[in-house]
Amino acid sequence: MTKLDPHQPQHTRNEMPSQSACQSHDRTAPAAVLPQTSKTSRTSPISRLRRVLLGAAAVASGVLAWQVGAYAFGGAESAVVIAAPKLDEPASGARTETAVFAGGCFWGVQGVFQHVKGVTKAESGYAGGAAKTADYETVSSGTTGHAESVQVTFDPQQVSYGKLLQIYFSVAHNPTEVNRQGPDSGTQYRSAVFPMTNAQRQVATAYIAQLDASHVYSKPIATKVEKYTGFYAAESYHQDFLTEHPNYPYIVINDLPKVKDLKRVFPAQYRDAPVLVKTASVK
């Protein structure tokens, strides 16, 4: 059986881990079925060439279908149009605030928030566990307590914490899934909010209750409001992954639709140019 890691980018970088421990799905690539001929049959060079080409095409199409099927297992989640939170943080005059959200693979969640006006940084990382286990290989075991998360730094005078929650619940992920998103499963892909202040905790808790009471989703909200114990930035190759690899199958199938939904559902909050971690780090 071939191990497929939907998060492991298919390129060679020095900083890439030599062996991935991320959630993987067992898939066996279909064997090519090539035309069979009798030993005594006579075939022209053109016919033989045609069979070779057809066989190669069968292999290519089979592998492509296998890859797409594996990457798309679970499918991209559709946006759900929801009301804004009735309770939001009061205006404080602050120009910088930080929030932490977990909602499946951090590539897509980061990509969504990088396109939100008022966000000055959206960094992929880990939250919920200890510092010593905050690395991709260990977190991917699902035993660390960490969730793949995104730390969002924003200007509350441009976008409120409540509006970020609305985007998070509406387009960034499916908040009714328990320990999974799309093709990924495990506690590291859980839906969780890590409030950094009492005000954030009150807004998040009230909003979850509001959404459950509205029955806008077909299932109850699975998102947990967890204690914030620290955020640990992910490895550099995970940062800005959606922008750097827009043609990567996992991104095309699972994450780019989220950015399109952001533009469609929240046009006033959408911006075309994403705010990138690596660009900000070199300034």
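I began at Gly 125, which stands opposite Ser 149 in S5. Strand S4 (residues 119-127) pairs with S10 in the antiparallel sense over 3 bridges, and S4 and S5 pair, also in the antiparallel sense, over 8 bridges. I noted that strands here are DSSP runs of E with at least two residues, that helices are runs of H or I with at least four, and that both are numbered from the N terminus; two strands pair if DSSP finds at least two bridges between them.

The model is predicted, so I kept in mind that local features need pLDDT of at least 70 and side-chain atom pairs pLDDT 80 or more, while totals for chains, interfaces and linings use all residues. Residues are numbered from 1 along each chain as its sequence is written, and side-chain values use heavy atoms, with hydrogens and water left out.

Next I looked up the whole sheet, which is open, has 6 strands in the order S9-S8-S3-S5-S4-S10, and shows mixed pairing. Strand S9 (224-225) and strand S10 (231-233) stand at the edges with a single partner strand each, so one side of each is left without a neighbour in the sheet. Within S10, Tyr 232 is the bridge partner of Tyr 126, and Phe 231 is that of Ala 127.

For burial, I took buried as under 20% relative accessible area, exposed as over 50% and partly exposed as in between, with a 1.4 Å probe and protein chains only. Helix H2 (residues 106-113) is mostly covered, with 8 of its 8 residues buried, among them Phe 106, Trp 107 and Phe 113. S4 is mostly covered too, with 7 of its 9 residues buried.Last, Glu 89 and Tyr 161 are among the residues that line the largest pocket, a pocket being an open set of points on a 1 Å grid where a 1.4 Å probe fits, with protein on both sides within 12 Å along at least five of seven lines, and lining residues having an atom within 4 Å of a point.
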